[in-house]
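Here is a short note to go with the model. Please read the points with the structure open beside them.

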Amino acid sequence: MARFPLVIALGVLAAAGAAVVLAERFYRELEVRLAGAILDVITTSGVYVAPDRESVYFGLSGAAPFGLRMTPECSSAFLLLPLLVVTMVMLYFRPANARRLFFSLGISALVVVLVNQLRILTIVGLVHWFGTDEGYYWGHTLLGSMVSVFGGAVSLVLYVWLATRKKKA
């Protein structure tokens, strides 16, 4: 990769990282809309999305409706930043691998987003099965955190594997 395209690629990645940080609230609104769309497909108990409050409400036709508010700590936005930084570093040292690195970044970013949606679905399922207090505790604090940590690790391992694997002969 020539020097100028490398600078452009690094600039694009840095801008993407800045955009994730600066537009983090908008990103959370998109995540909540996605969660609402998924819940609307897989549940029959009613779903309402309040993107301006970064919240999704479910179980609306039942006896115990519940709402989840996506705070910055619950978003996958900041899990994308390490992937962007690693891509920048690897691109700087191996610019010839740019196409592979961007592919790896795209796949791993998708995995991070899907894992966060799985975490939300885990919370929803456990609240439905165990009730508000116990279900939220198990879904958010314990099992949900395990889903996030495991999913983040899978995403990072997948990224490294995709970015560094050798071409078949």
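Throughout this note, contact means heavy atoms within 4.5 Å.

1. **Basis.** This is a predicted model, in which local features need pLDDT of at least 70, side-chain atom pairs count only at pLDDT 80 or more, and totals for chains, interfaces and linings use all residues. Residues are numbered from 1 along each chain as its sequence is written, and side-chain values use heavy atoms, with hydrogens and water left out.

2. **Layout.** The protein has five helices and three strands. Their order from the N terminus is α-α-β-β-β-α-α-α. Helices (H or I, at least four residues) and strands (E, at least two) are DSSP runs, numbered from the N terminus. The C-alpha trace spans about 60 × 35 × 25 Å along its principal axes.

3. **Burial and contacts overall.** Of the 169 residues, 38% count as buried. Buried means under 20% relative accessible area, exposed over 50%, and partly exposed in between (1.4 Å probe, protein chains only). Take the contacts between residues at least 6 apart in sequence: 63% of them join residues at least 24 apart.

4. **Surface and charge.** The accessible surface is about 10000 Å², and carbon and sulfur atoms hold 71% of it. Areas come from the Shrake-Rupley method with a 1.4 Å probe; for residues, only the protein chains shown count as cover. The protein has 14 positive and 9 negative charges, and their mean positions lie 22 Å apart. Lys and Arg count as positive, Asp and Glu as negative; His and the chain ends are not counted. Each charge is placed at NZ of Lys, CZ of Arg, CG of Asp or CD of Glu.

5. **Helix H1.** H1 has 20 residues and reaches 28 Å from first C-alpha to last, close to the 28 Å expected at 1.5 Å a residue. That expected span is 1.5 Å times one less than the number of residues. Leu6, Ala9, Leu10, Leu13, Gly17 and Val20 are its buried residues. They fall within an arc of 95° seen down the axis, so they line one face of H1. The arc is that of the directions from the helix axis to the C-beta atoms. On the face turned away from this buried side sit the exposed Phe4 and Leu22. The cover over the buried residues of H1 includes H2, H3 and H4.

6. **Helix H2.** H2 has 19 residues and reaches 27 Å, close to the expected 27 Å. Its buried residues include Glu24, Arg28, Glu29 and Glu31. Where do the buried residues of H2 pack? They pack against H1, E1, E2, H3 and H4.

7. **Helix H3.** H3 covers residues 77–93 and reaches 26 Å, close to the expected 24 Å. Ala77, Leu80, Leu83, Leu84, Thr87 and Leu91 are buried here. Their arc is 105°, so they line one face of H3. They pack against H1, H2, H4 and H5.

8. **Ala77.** Ala77 lies in H3. It counts as buried because its relative accessibility is 0%. Beyond neighbours within four places in sequence, Ala77 is in contact with Val20, Glu24 and Tyr27. Val20 is a buried residue of H1, and Glu24 and Tyr27 are buried in H2.

9. **Glu54.** Please check this residue, in the loop between strands E1 and E2. Most residues other than glycine have a negative phi. Glu54 is buried, at 1% relative accessibility.
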